[in-house]
Amino acid sequence: MTQLPGLLDTEALRKDFPVLDRVVHDGRKLVYLDNAATSQKPRQVLDALSEYYERYNANVHRGVHVLAEEATALYEGARDKVAAFINAPSRDEVIFTKNASESLNLVANMLGWADEPYRVDHETEIVITEMEHHSNIVPWQLLAQRTGAKLKWFGLTDDGRLDLSRIDEIITEKTKIVSFVLVSNILGTVNPVEAIVRRAQEVGALVCVDASQAAPHMPLDVQALQADFVAFTGHKMCGPTGIGVLWGRQELLEDLPPFLGGGEMIETVSMHSSTYAPAPHKFEAGTPPIAQAVGLGAAIDYLDSIGMDRILAHEHALTEYAVKRLAEVPDLRIIGPTTAEDRGAAISFTLGDIHPHDVGQVLDEQGIAVRVGHHCARPVCLRYGIPATTRASFYLYSTPAEIDALVEGLEHVRNFFG
Amino acid sequence: MKLDSMYQEVILDHYKNPHGRGLRDGDAEVHHVNPTCGDEITLRVKYDGTTISDVSYEGQGCSISQASASVLNELLVGKELAEAQKIQETFLELMQSKGKIEPDDAMEDVLEDAVAFAGVSKYPARVKCALLSWMAWKDATAQALDGADAERKTA
């Protein structure tokens, strides 16, 4: 077996993930390389979910009975865990949402309805990048259409990085918000946050970072990022689906208006008007995803027990190995950075003229799960003149042997369509 | 191997040597996409009365979607509209069968090469690929005939 420096003890870790033992298609061992779409869940998270429902289930922040108080403590305890995980200065800066898309839509709507100095209107500009996931494009397109604001973006270089050469023309005095991805879900690129934040701060623009592909894979420190908002989702980091996070700077959360109205987010309500609860509750209308928040808390405990720096080192070693092995496959072209430098563990590629759908189908027959298509980042495919890509993405339980299986599988694909 | 039931020789042949590919003159043009995977097709139909005189297309996509467009061209060009509609409906029924329909002789007579797609119907993610060009044809035909109706009414 291939041994690489920095690898985690995957043999032990994999025992925590029941689904990784699955055998598919008449005896093929599952090789799960679709972690950028969603991660698998360890037993510890599954247990936390069922324990919550079996022992504590109640609605939160209302009722004085034992279960209601315990459920509230668990839900708010999960908020504490998230705050510590991202080094938030205050737990009140952590808003639970249903996913990263909702988090990003929430920011766009806060700004659309805000008063000065935050208000986005027809005299202002919004800046994104060409490598965003659709969830960090469409909410801003909607905001631009509704307010008349101008939407601008950073293009990409041929090697899959942001083209920041015209940064002073793109981020200007008119810019109200710059929203960009920390790690691209399709290219794997890790973006230079500091350069963008510095320019945004020069012109007084807010900064929103989509950390969906970062939070699961590397230490995330919202204070070090110096952003104003950071969004991510739970299900890509060993947590359940249905739980996302928006972190926002406290003074902004105090100033900005709520988006969804309902129970939980109010202070007092009369038939004429209402006053609102302080953040984060102001932004959490209705019964929240309670069990899912508890599950995310358990996922964070699990990740912390391994250590995010060790997970980063493991994935970096795997990525180095994967780009080297994939380079041996004839006709394979990596879309995105071709080295492991400033790169996450999601690797997109094309294989000659063979359509990614066909690549994915033949790999699946061998038990290898990859993602094919445009990965909710169609502008990237257009930029590089390709209809779609095949993407292999790794996580803490991925092994060099699985990369070997992928390379062998691709050989089989080439023979099949050759 | 199960994969062979999807990637029949006939399908791979059509994929490698597509029939009637390229855009030519038509009465109506449509552009259909499969948003989950990015497959796209631009398709034109040309009618001579109620006879299909041409179906031309250009697109990008997987072997299944491209082969399906090729089979469609081979099967429908020269047919009367009513017969073509019957073929389209039979193909749709087969593709929505989740692998439960084993094509019989009668179905084979109607579908010819298109019966090769029976295996694809077992793969829900790929059914849309096989149907992309057929839905585009149906849409283009409706537009072409609407246009012809409108012309008759104004004449």
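Predicted model: local features only at pLDDT ≥ 70, side-chain atom pairs only at ≥ 80, totals over all residues.
**Sheet in chain B**

Which strands stand at the edges?

I then looked at how E1(B) meets strand E2 (residues 39–48) of chain B. Seven bridges join the two, and they run antiparallel.

UniProt, in an unreviewed entry, places "domain: NIF system FeS cluster assembly NifU N-terminal" at residues 6–129 of chain B. Over residues 6–129 of chain B I read 41% helix and 22% strand. The end C-alpha atoms of that stretch are 12 Å apart.

**Chain A, the annotated span**

I turned to chain A. An unreviewed UniProt entry lists residues 31–406 of chain A as "domain: Aminotransferase class V". That span is 38% helix and 17% strand. How far apart do its end C-alpha atoms lie? They lie 8 Å apart.

**Strands in chain A**

I looked up an open sheet of four strands, in the order E13-E14-E17-E16 of chain A. The pairing is antiparallel. Its edge strands are strand E13 (332–335) and strand E16 (371–373) of chain A, and each pairs on one side only. The twist averages 30° from one strand to the next. Four bridges join E13(A) to strand E14 (residues 346–351) of chain A, and this pair runs antiparallel. Within it, Arg333(A) stands opposite Thr350(A) in E14(A).

Next I took strand E4 (residues 94–97) of chain A. Is its cover on one face or on both? Both faces are covered. Val94(A) and Phe96(A) are on one side, Ile95(A) and Thr97(A) on the other, and all are buried. I kept the background in mind: in a regular strand the side chains alternate between the two faces of the sheet. E4(A) is joined by four bridges to strand E10 (residues 244–248) of chain A, and the two run antiparallel. Ile95(A) stands opposite Leu246(A) in E10(A).

**Salt bridges**

I counted charge pairs next. The total comes to 30 salt bridges over all chains.

Glu284(A) and Arg79(A) meet through their side chains, at 2.8 Å from N to O. Glu284(A) lies in the loop between strand E12 (274–276) and helix H10 (290–306) of chain A, and Arg79(A) lies in helix H3 (residues 66–85) of chain A, so the pair ties together parts 205 residues apart in sequence. Both Glu284(A) and Arg79(A) are buried.

Arg199(A) and Glu202(A) form a salt bridge, also noted at 2.8 Å, N to O. Why are they about one helical turn apart? They are separated that way because they sit three residues apart in helix H7 (residues 193–203) of chain A. Arg199(A) is buried at a relative accessible area of 14%. Glu202(A) is exposed at 53%.

Arg325(A) pairs with Asp404(A), the closest N and O atoms being 2.7 Å apart. This pair links distant parts of the chain, 79 residues apart: Arg325(A) is in helix H11 (residues 308–326) and Asp404(A) in helix H14 (residues 400–417) of chain A. Buried means under 20% relative accessible area. Arg325(A) has 18%, so it counts as buried. Asp404(A) has 17%, so it counts as buried.

I also traced shared partners. Glu76(A), Arg79(A), Asp80(A), Arg91(A), Asp92(A) and Glu284(A) are joined into one network of salt bridges.

**Surface of chain A**

Which residues make the nonpolar surface patch of about 350 Å²? Trp113(A), Phe259(A) and Leu260(A) make it. Trp113(A) is found in helix H4 (residues 100–113) of chain A. Trp113(A) is exposed, with a relative accessible area of 60%.

Asp168(A) was my last stop. This residue is in helix H6 (residues 167–170) of chain A. Asp168(A) counts as partly exposed, at 49% relative accessibility.

Conventions. Residues numbered from 1 in each chain as written. Chains lettered and ligands numbered in written order. Heavy atoms only, no water. Salt bridge = Lys/Arg side-chain N within 4 Å of Asp/Glu carboxyl O. Buried < 20%, exposed > 50% of the residue type's maximum accessible area, 1.4 Å probe, protein only. UniProt positions renumbered as here; feature names shortened; annotations may be inferred. Patch = residues over 30% accessible without salt bridge, like charges linked within 9 Å, V, L, I, M, F, W, Y side chains within 5 Å. Areas by Shrake-Rupley, 256 points an atom, 1.4 Å probe, with all protein chains shown as cover. Pairing = 2+ DSSP bridges. Axes fitted to C-alpha atoms, helices over the stretch in contact; angles between N-to-C directions.
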